[in-house]
Amino acid sequence: FENDLNESKSYQFNLKRGGLIKLERQVIPNEQLFQIRTEMEEEVKYNQYPFRAAFVEPRLHALYSNNPANGYMYHGVKMKSRPLAELHHISQLATTLADRFRTSEFNIGLDLVVYRNGKDSIGWHADNTQGEQIIASLLIDSPCPARTICIKPNNIPRDGDEAIELYPTSGDMYQMDAKMQEGYLHSIPRATTETKRRMVIVFRHGQPKKVDSDLGVQIKSLLPPTDRRVHYKFGTLSELTEGHLYSRQILLKTGAHW
């Protein structure tokens, strides 16, 4: 879409299997973008989450909403919301965008997501675990060149199916509606070259769910991890039984891996 987007601040793509993708350029001015980026850097505490029981998702989250009893859950990830009122600039932004989408609030919440470098990523998925009707992602900080958002059909290919790549940058917003989630998957793959940080706020409206606890582990720094190699401990491990199977999370917690 590069040529079309250079000539327009808004582009809507109606998908063959139903649903749409909309990309809007420079939704908020640079001064407001700076205020929100600073708030995300200085005022927010981020968690990292176990994913499908065996893995740790390679990106960071912080969920905020007007109802801290609510949360967001998908594939073993379980986030409990924090009060949106704690974030002055981001809560003002949420009010403005809620009016734009003709809703009173984003009742699932605002998911503040950080990809610390090009190694952080998210695999193929659809945003459909809580009846999402509004899914809008606003780029707050983006590397140059921008990270790729890949989109593909979710089952056996058909003639005329699309393979789509989007390259939103800071200040851009992209939307994927509920119908699109039924027929397509999207991902942000690992970058092939060294890449700087990516920060995005995902605004979701759908079916809120009560969450009693958060399963994430707080990450104190937004800097990329320096060493992701796994180290092993040999010999007798008092908390583990030989021959049993354990998740990576338990192996890390007991010190068998680090």
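**A look at the aromatic rings**

Modeller: Let's start with tyrosine 74, which counts as buried because its relative accessibility is 10%. Buried means under 20% relative accessible area, with exposed over 50% and partly exposed in between (1.4 Å probe, protein chains only). Bear in mind that this is a predicted model, where local features need pLDDT of at least 70 and side-chain atom pairs count only at pLDDT 80 or more, while totals for chains, interfaces and linings use all residues. Residues are numbered from 1 along each chain as its sequence is written, and side-chain values use heavy atoms, leaving out hydrogens and water.

Now for the ring pairs: rings of Phe, Tyr and Trp (its six-membered ring) pair if their centres lie within 6.5 Å; planes under 30 degrees apart are stacked, over 60 edge-to-face and the rest tilted. The structure holds four aromatic pairs. In one of them, phenylalanine 51 and tyrosine 74 have ring centres 6.4 Å apart and planes at 55°, so this pair is tilted. It links distant parts of the chain: phenylalanine 51 sits in strand β4 (residues 50-51) and tyrosine 74 in strand β7 (residues 70-74), 23 residues apart. Strands here are DSSP runs (E, at least two residues), numbered from the N terminus. Another pair joins phenylalanine 101 and phenylalanine 106, with centres 6.1 Å apart and planes at 75°, so that one is edge-to-face. Phenylalanine 106 is buried too, at 4% relative accessibility. Back at tyrosine 74, ring pairs tie Phe51, Tyr72 and Tyr74 into a cluster.

Key:
Helix = DSSP H or I, 4+ residues; strand = E, 2+ residues; numbered from the N terminus.
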